[in-house]
Amino acid sequence: MKSSENTGNAANSYRATVTSDAPSELGLIKIHDNVLAALVSRAVLGVEGISRLAGSAIIDNLAGMVGSHSRAIEIIKDTDDQLKIIVKVNVLFGTVIPAVAVEVQRQVIEQVESAAGVTVAAVDVVIQQLDDLVEEEETAETDSMSAAAQAAAVSGIPAMG
């Protein structure tokens with residue numbers, strides 16, 4: 001795999017647009033970092049005890065609408081053609097935080113390596129906030145209403161509710 005964009009970060013790290021060293025006979029295959037971030041997001045949110053990705057749900061929803069990934073996920077490609085992934089999450093109160101973090105690491109590595117065929121060298125998990133279950137349910141309701149309002153605004157149809 002090769003990186004196509006240098007981000008100028010220290011230690012010669014690169015933005016994670018990944019291309020194949022041995023393109024198929026049909027052409028070159030590129031996997032953009034937004035695709036990798038989507039794989040990471042799905043893996044993280046599938047772990048029991050994770051409330052959500054850290055950050056503002058409204059800002060991240062708007063970023064998703066314009067094709068950008070969440071600020072809670074950072075993907076760095078090092079000079080050894082391996083990915084380092086940093087993910088910031090909120091966990092639910094009452095969970096065993098180290099156990100949840102290890103499961104996030106396992107799931108992210110498994111999902112990204114199997115779906116994208118790239119090597120994940122490390123997954124750093126940053127626990128940003130502790131959420132109560134009641135807050136999580138209220139946030140989910142607000143997020144679904146916000147998503148409906150955003151969809152209506154894009155389509156030009158007035159939002160209901």
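Ala122 lies in strand E7, where helices (H or I, at least four residues) and strands (E, at least two) are DSSP runs numbered from the N terminus. The model is predicted: local features need pLDDT of at least 70 and side-chain atom pairs count only at pLDDT 80 or more, while totals for chains, interfaces and linings use all residues. Residues are numbered from 1 along each chain as its sequence is written, and side-chain values use heavy atoms, with hydrogens and water left out.

With a relative accessibility of 25%, Ala122 counts as partly exposed; buried means under 20% relative accessible area, exposed over 50%, and partly exposed in between (1.4 Å probe, protein chains only). If residues up to four places away in sequence are not counted, Ala122 touches Leu83, Lys84 and Ile85, contact being defined as heavy atoms within 4.5 Å. Ala122 and Val108 are 14 residues apart in sequence, and their C-alpha atoms are 9.7 Å apart in space.

Residues up to four places away being left out, Val120 touches Leu83, Ile85, Ile109, Val112 and Glu113. Between the C-alpha atoms of Val120 and Glu110, which are 10 residues apart along the chain, the separation is 8.9 Å. Asp124 belongs to strand E7, which spans residues 120-131. This residue, Asp124, is partly exposed at a relative accessible area of 30%. Its contacts, leaving aside neighbours within four places in sequence, are with Lys84, Ile85, Ile86 and Val87. For Asp124 and Val87, 37 residues apart in sequence, the C-alpha to C-alpha distance is 6.3 Å.

The description now turns to the helices. The axes of helix H1 (residues 33-45) and helix H3 (residues 97-116) come within 8 Å of each other and cross at roughly 140 degrees. Axes are lines fitted to C-alpha atoms, for helices over the stretch in contact, and angles run from 0 to 180 degrees between N-to-C directions. H1 and H3 are therefore oblique to each other, since angles under 35 degrees count as roughly parallel, over 145 as roughly antiparallel, 65 to 115 as roughly perpendicular and the rest as oblique. The contact is formed by Leu36, Leu39, Val40, Ala43 and Val44 of H1 together with Val104, Gln107, Val108, Gln111, Val112, Ala115 and Ala116 of H3. By class, the residues of this contact comprise 10 nonpolar, 2 polar and no charged; Ala, Val, Leu, Ile, Met, Phe, Trp, Tyr, Cys and Pro count as nonpolar, Asp, Glu, Lys and Arg as charged, and the others, Gly among them, as polar.

Helix H1 itself has 13 residues and reaches 18 Å from its first C-alpha to its last, close to the 18 Å expected at 1.5 Å a residue, the expected span being 1.5 Å times one less than the number of residues. The buried residues of H1 are Asp33, Leu36, Ala37, Leu39, Val40, Ser41, Ala43 and Val44. An α-helix has 3.6 residues a turn, so residues three or four places apart point the same way. Val35 also lies in H1, but at 44% relative accessibility it counts as partly exposed.

Along the sequence, their pattern is β-β-β-α-β-α-β-β-α-β-α. Of the 161 residues in the protein, 31% are buried. Among contacts between residues at least 6 apart in sequence, 62% join residues at least 24 apart.
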